[in-house]
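Today I opened my notebook to look up salt bridges. Here is what I jotted down, pair by pair.

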Amino acid sequence: MRNEQRQILASIVFVFVLAGTSNQALATDEKSNNSAQTKGAPASIENESVIKLEPIKVIGIVPDQNTKPNTSVLKGRSLRLQQSDTLGQTLEKELGVSNASFGPGVGVPVIRGLTGSRVRILQNGIGTHDATSLSPDHAVAIDPLFAEEIKVMRGPEIVRYGGNAIGGIVDVNDQRIPEKRAKKPISGSVESRYDTNGDGTSSAFKLNMGKDQLAFNLGGFFRKRGDTQIPGKAIDEAFVEQQFGLTEIQNVSGKIPNTDSKGIGGFAGVSWVGNNVMAGMSVSHTDNRYGIPKGSHNLDPSHLGGLETILPRLRDLTGFEDIFGSQALFPNIRINMQQTRYDFKSEWYEPMRGIESISFRYGLVDYGHTEVEGGSPFTKFKNDVGEGRVEARHNALPNLTGTFGAHWIDRNFSALGVETFVPPTKQRSLGFYTTQDYTWNKWIVRGGIRFEQAHVNPGASELKLRGSALPPVPLPNALDYQALSASSAIQWNPLPDVALTLTLNRGKRPPDIQELLALGPHLSTRSFEIGNVQLKNETVNMADFGFDWKSERISARINGYYNRTDNYIYLRNTGLVYEIDNEVIRQRCVSDSECVSIFAYDQRNAEFAGFESRIDATLYKMPRGNVLLTVFSDYVRGRFVNGDRDDVPRMPPLRYGAELGFGNSLWNTALRYTRGETQTHPGKNETSTGGYHLLTATADYQIKAGTWGDLWLFAKGHNLLDEEVRNSVSFLRNFAPEPGRSFVFGLRASF
């Protein structure tokens, strides 16, 4: 423990200065954005935005809400350089954010070690309502290429979004609904990229059109890539020997089979924009098809040269036909995902004295994906959701601003087919909330409170396992939950360029559908899941202390936090196994190749402690560009409070590193080094992951074309050392390492 503490302390005091980052454009953007002042703020805190290093986003004709602590915004050139195939990959460089990969087709953001049902992923303020919370092999239904701004929030503001946001929110703004009048009859952008790893190509376009009070947006994208290339072997053979007792397996090197993907989609939006009123809507569709690495589902009997993960070296299948059938021996798994969204938005600015705006947002989401095994559809997941929000923003008193709102979700979920481990279910929730900000001299006090009621109505009277002698589990007609959440923050500005912030949150999360009602095998994660209808609300108590300082050439941000979660819901390894072919539960496997581990949803108190730190400095100012240095580090440790104090599984490791950049507003080069330490606290029945050295580089150049537009050329190099990186937050880390060395080349034209 002392060595670990010394290691953490050393990383805070001196976070290895190697190579790294930021670009002049980003520094320029921050400077201009941070100069914005909060309306009505006294002169003594007029530099509040500068202190917090966060921009104010303008919607329509009035400014958005005051910037909040624990909020980071990714936009502009920095966003373009970080955009990747998945949302998790796009955000993995942000402090406190990791990427829960499940092969290259899936990347879900992890915030301070929390993900799934604890982190809400939004698209223009309305949830994506895909199946990411149900299982880690399901992709986020957002294409990052469309993003104009991505906001990560962890402060008092999260009470607006419900219990499923207790770990934070990620809001992707792609401006598909026009929010202001068009400046030109037609404008837009076209972008194309090529990735050497897997011969990946991606292209996207956006068009903005309009005349007078009508505005139109139109966009589309296409993405395709082959199997992911890796520097070494796909399978961690030491893990296979430890978990399954197998010393001879067939492995592959250089790539991960069945990890190719293809996606296509588009949107159209229209708005009427008046002097103080706007109303608009958009329609979008996404089609995403990707493979699940064979490590999770085993292998196809007709392709034994593939990724055999848990079978001994075999020359033929003699004797296995009676166990697995003649057609397939865990064949390739493909996921065909489709989503159609209808989004509506209207805002009325300054309808009366003391009211800044009244807004309405509503989204209808028709989501579905089919899991295809061996070319045949096995299971169809369906999620039809309506989500709405009505909100009024006020400035009733000179120093007091805030919101009052109502938020509701109506969800119909079903999973039909061979892997039906959750019954058809209706879920409804209704919440009322308010958030308030009060400014006084050098102090800013923020607070929020939300009351939420959730109703779960299973479409079955009992849970019964097909073909099993186990007795059925009776289900109640309905499950009801009430949750009261509150949050607060106090900010002190002792000097114009210094801010100290203390944030206290207490949030409650009702259990999700799969946590309550799961019963059956889930082959994508090699597990058999058992829900628990006796689960209670999960309660988070979080304290966060932040320090921000900004001078002309140096800025720093340091956050330390502690999170105590009562009744933390998790999957407990029961020690039992389920034989897939015989459909029976046993204490131990007769044949390792037939078994999956049985996990049961349970509750236990847990605690999370960690920090995030970043220092940006302008080392040299030169006529043709500036030399910029950034050093950074983040860490979180999760463990259960009672009992044997096991580690919470799949936590990110200690990370630290540096970026060094040189450039100006037209061009920039940067080199970034990240060190990920060995994860020695993987959780019970989990395996450790080794440390890694990750070196990346970026270069870009902007060509001004006068009144016609701009042309932006860029290149990125990822994992330049070609290291084997196994992601500790990934379920597939022992079967599918992160991609090896890759180079991305692209261009973007705007007009």
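I began with Glu659 and Arg672, whose side chains form a salt bridge with an N to O distance of 1.7 Å. I count a salt bridge when a side-chain nitrogen of Lys or Arg is within 4 Å of a carboxyl oxygen of Asp or Glu. Glu659 sits in strand S34 (residues 655-663) and Arg672 in strand S35 (residues 667-676), so this pair ties together parts 13 residues apart in sequence. Strands here are DSSP runs of E with at least two residues, helices are runs of H or I with at least four, and both are numbered from the N terminus. I found Glu659 and Arg672 both buried; buried is under 20% relative accessible area, exposed over 50%, and partly exposed in between, with a 1.4 Å probe and protein chains only.

A note on the source: this is a predicted model, where local features need pLDDT of at least 70, side-chain atom pairs count only at pLDDT 80 or more, and totals for chains, interfaces and linings use all residues. Residues are numbered from 1 along each chain as its sequence is written, and side-chain values use heavy atoms, with hydrogens and water left out.

Next I looked up Asp512, which forms a salt bridge with Arg411, the closest N and O atoms lying 3.4 Å apart. This pair links distant parts of the chain, 101 residues apart: Asp512 is in the loop between strand S26 (498-509) and helix H9 (513-517), and Arg411 is in strand S20 (residues 400-417). Asp512 is buried at 6% relative accessible area, and Arg411 is buried at 10%.

Then I checked Glu191 and Arg193, which meet in a salt bridge at 2.5 Å, N to O.
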